[in-house]
Amino acid sequence: MARIVMKFGGTSMAGTERIRNVAARVKREVDAGNQVAVVVSAMAGETDRLVGYCREASPLADPAEYDVVVAAGEQITAGLLAITLQSAGVKARSWLGWQVPFRTTAAHSVARIEDVGTDAILAGMARGEVAVVPGFQGLTDDNRVTTLGRGGSDTSAVALAAALKADRCDIYTDVDGVYTTDPRIVPRARKLSRITYEEMLELASVGAKVLQTRSVELAMKEKMVVQVLSSFSDAPGTLVVDEDDEMERMIVVGVVADRGEAKVTLVGVPDVPGVVAGIFGPLADANINVDMIVQNIAKGEGTTDVTFTVPRAQLPASLAVLETAQAGIGFKQLISDDDVAKISVVGVGMKSHAGVAATMFRALASRGINIQAITTSEIKVSVLIPQDYVELAVRVLHTAYGLDGPAADAETEA
């Protein structure tokens, strides 16, 4: 008997027929004698609908009240799946985030899980009961509802699996694993049968939509085996695991495009010590994530320009914070551009191979694609380019690194 946490995304829960399909998969695990907890997302499009209501009410809504609204979608799917399981003869009950509870920080809309209660769920499992838990939801110490950010149900699932000491955490999505790039852009992309935590973390952090970044961080910390599977087929998925000697060493395992970036430039920033802290301190206090940062060489008049990227959804809040702090920072002009995208290549093989960045720059230059900013890590190179060139850049780089496969469903090991 194994203890398994199964997580189903919004596409998997989009309507009663798909919820019946999910229930059948859960029942199959129960019939095999396994103890099961299920984490669910809201129906596809539901969270966007709720976010839209918040924005109509106020472009800068109170984050605590925003969380009350957008957390509602997962409550519906948790209850519906529990009902469907019961009708299929499976003992099940739903739990809300505050009933488990998932204790989190008070950073509304981007909260982090600090503790997960398990006593009641474990007692239910001992009685043969399936726990159906809404992802994305949390609770502060003063009992305010929080949410974990987009894709937060992945983190809920891994956190619950770790707390329950589960044997593995299965993440069911609308794709059947992790590919070398988006197959919709490159039909000859290859599915990876295994990928390291480190590579998956970098892929998630630069825009791969398969798993949320924090879920991979948590899985790596807890050594929790994660399996990415399709809700709509029984095809083998991708295992996210520790690096081992049996894994094929690919220099680059993936090319990722992130269209959710926006660029901010502060013109005429005083070139004095402490000014950069004056820029990014207020943004951090507002829980705004800054990614790529470029500071130009100081000009003759003692000023410089600072460019950085933020999530496009956080651009209005970023501009509001910077405008408020303008007097203290002393910049002359604030420019924003949301018509950009980030393209990244990732692979642990970069640690021992030179020339990965040069290959990227040559490939993009050969197609006339201008690079606006660059950032690197030990196993990643990212560039910022105009939005219009995203698909061309992905195709060119996928070929440049030898990732094209003989067919869209061909597999390789990472």
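A: **A loop residue and the ring pairs**

Gln387 is buried, with a relative accessible area of 16%; buried means under 20%, exposed over 50% and partly exposed in between, with a 1.4 Å probe and protein chains only. The model is predicted: local features need pLDDT of at least 70, side-chain atom pairs count only at pLDDT 80 or more, and totals for chains, interfaces and linings use all residues. Residues are numbered from 1 along each chain as its sequence is written, and side-chain values use heavy atoms, with hydrogens and water left out.

Gln387 sits in the loop between β22 (380-386) and α13 (390-400). Helices (H or I, at least four residues) and strands (E, at least two) are DSSP runs, numbered from the N terminus. Neighbours within four places in sequence aside, Gln387 contacts Arg259, Arg312, Asp338, Asp339, Val340 and Ala341. Contact means heavy atoms within 4.5 Å.

Now the rings. Rings of Phe, Tyr and Trp (its six-membered ring) pair if their centres lie within 6.5 Å; planes under 30 degrees apart count as stacked, over 60 as edge-to-face and the rest as tilted. The count is two aromatic pairs. Phe8 and Tyr172 have ring centres 4.6 Å apart and planes at 15°, so they are stacked. Phe8 is in strand β1 (residues 3-8) and Tyr172 in strand β9 (residues 168-173), 164 residues apart. Both Phe8 and Tyr172 are buried.

Phe280 and Phe308 have ring centres 5.1 Å apart and planes at 70°, so this pair is edge-to-face. Phe280 belongs to helix α9 (residues 275-285), Phe308 to strand β18 (residues 303-311). Phe280 and Phe308 are both buried.
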